[in-house]
2 protein chains.
Amino acid sequence: MQRIKLTVAYDGTNYAGWQIQKNALAIEEVLNKAISDLTGEDIVVIGASRTDSGVHALGNVAVFDTESRIPGEKFSYALNQRLPQDIKIVDSKTVEPDFHPRYCDTRKIYRYDIFNRKFENPLLRLYSHFVYYDIDIEKMKKAAKYLVGEHDFKSFCTPKTQVESTVRTIYRIDISKTGDMISVEIEGNGFLYNMVRIIVGTLLKVGMNFYPPEYVLEILEAKDRGKAGPKAPAKGLTLVEIIYE
Amino acid sequence: MQRIKLTVAYDGTNYAGWQIQKNALAIEEVLNKAISDLTGEDIVVIGASRTDSGVHALGNVAVFDTESRIPGEKFSYALNQRLPQDIKIVDSKTVEPDFHPRYCDTRKIYRYDIFNRKFENPLLRLYSHFVYYDIDIEKMKKAAKYLVGEHDFKSFCTPKTQVESTVRTIYRIDISKTGDMISVEIEGNGFLYNMVRIIVGTLLKVGMNFYPPEYVLEILEAKDRGKAGPKAPAKGLTLVEIIYE
């Protein structure tokens, strides 16, 4: 028996998200089927991050156990033959039998792309959020500084399932602009449900002068989802990498 | 009566190309319908470039005459409400009544994107050509130099319709690499059928060491399509801009 770790990239546009759903196709489901077809076993992967419908990934992680003797690093090639064009394995390897993709110390990197111009670009529509209004990224940067560090992010979380604690650490928020594309890259030790999208929605409100940058402090202190900005659309979000310490 | 010039951006993935086809949806058709719905007239646009199925555009040009009193610059906003997400007007204006998008001195800029890595990236699959093999872009640059200038490009043209002359001028071919993406930008006074894709297919053969860079001279001199490399896939090609002198 060996435990295999896959690094998975996908275009979330046509999926109901990572986790198996009743009436819509999930990424997890497509992976399970491809691996089961390859090994002849009945495989169910364990995913590191249950990305929402429409969210993309360059480096989500999935783990499974198999009796197959295919070497760990060969799984990527073999699976890519069986996977659709919008889901690809970018790396595969054998890991320790006790490696679990969620119960480990990790850092996650997300990127949110905002296309800020007067007219949409059809070639970027699936992977960025189009904003017509002027955005002041210097104000966004100022607001983002208040979020870096260890905080209770209760105001930046959609209350869905019970979590023990809403305290998380954000290591950095880098905001940059290349041409008409504004990218917000966030690295943290874990993220609450919809946390990145609510942070970006809030930073956008600051960039468009609806809130002053300092208002972010007030939102943090309130510990109230109602205080923060709206959730930015899923299609602008990409899970870039999960780093296992 | 006024003549309106539209600058059109589109994702060619789901279309049979610019020109109206019998059993598949063309970009021209979608535009005609949107403009006819808006003005209440029976509008047929004249396009500058009949891009192939799967080819993208950031700046194709279409022209039509209308009795509508909508100011030229307002057509973009009004049409974007009626167009699908994968076709957008990025500029509109009133032009001289004798302006014709094809019978003018123009320079056209095309970009071809090649994603060169060991594993595909699902987020780039629709807008670039994936190449697994190592590519030497210095060799491609050397080969490209032979193509710049006025030449008979008969070897780089799919013989489809009769053209009076296969002589064209290429002003520049810029090849650059950003991360894993190789971009080939070509500017010329006009392009023969499939010319950009055959040029890129040939340059790729050079970059992968199938031909020495100098072989491009031999291909030019042969005036024989059979000598050149294969046509690179449509999805990597974008018509970036048409410049009217």
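These legends go with several close-up views of a predicted model.

Before you start: residues are counted from 1 along each chain as its sequence is written, while chains get letters from A and ligands get numbers from 1, in the order in which they are written. Because the model is predicted, local features need pLDDT of at least 70 and side-chain atom pairs count only at pLDDT 80 or more, whereas totals for chains, interfaces and linings use all residues.

**View 1. Chain B laid over chain A.**

**View 2. Where chain B touches chain A.**
How many residues does each chain bring to the contact? Chain B brings 18 residues and chain A brings 17 residues; two residues count as touching if their C-beta atoms, placed from the backbone, lie within 7 Å. On chain B's side, β1 (2-10), β3 (56-66) and β4 (87-95) each supply at least two residues, and β4(B) gives the most, with 3 residues. Helices (H or I, at least four residues) and strands (E, at least two) are DSSP runs, numbered from the N terminus. Sort chain B's side by class and you get 9 nonpolar, 4 polar and 5 charged residues. Here Ala, Val, Leu, Ile, Met, Phe, Trp, Tyr, Cys and Pro count as nonpolar, Asp, Glu, Lys and Arg as charged, and the others, Gly among them, as polar. As 94% of chain B's interface residues are also interface residues in chain A, the copies meet through the same surface.

**View 3. The two domains of chain A.**
Chain A is assigned domain 1 (2-95) and domain 2 (106-244), with bounds from an automatic or database domain assignment. Taken over C-alpha atoms, their centres are 27 Å apart. Where they touch, domain 1 puts in 14 residues and domain 2 puts in 11 residues. Domain 1's side of that contact has 5 nonpolar, 8 polar and 1 charged.

**View 4. Helices α3 and α4 of chain B.**
Two packed helices are described by the angle between their axes and the distance between the axes. In chain B, the axes of α3 (residues 137-145) and α4 (residues 195-207) come within 8 Å and cross at roughly 130°. Axes are lines fitted to C-alpha atoms, for helices over the stretch in contact, and angles run from 0 to 180 degrees between N-to-C directions. α3(B) and α4(B) are therefore oblique to each other: angles under 35 degrees count as roughly parallel, over 145 as roughly antiparallel, 65 to 115 as roughly perpendicular and the rest as oblique. α3(B) makes a right-handed crossing with α4(B); that word applies if the near helix is turned clockwise from the far one by less than a right angle, and left-handed if anticlockwise. Look for B:I137, B:K139, B:M140, B:A143 and B:A144 in α3(B), meeting B:L203, B:V206 and B:G207 in α4(B). This contact has 6 nonpolar, 1 polar and 1 charged residues.

**View 5. Helices α3 and α4 of chain A.**
In chain A, α3 (residues 137-145) packs on α4 (residues 195-207) at about 130°, with the axes 8 Å apart. That makes this pair oblique. The crossing of α3(A) and α4(A) is right-handed.

**View 6. Helices α1 and α2 of chain B.**
α1 (residues 27-39) and α2 (residues 75-82) of chain B pack at about 110°, their axes 9 Å apart. Are they roughly parallel or roughly perpendicular? α1(B) and α2(B) are roughly perpendicular to each other, and their crossing is right-handed. B:A34, B:I35, B:D37 and B:L38 of α1(B) meet B:A78, B:L79 and B:R82 of α2(B). By class, that is 5 nonpolar, no polar and 2 charged.
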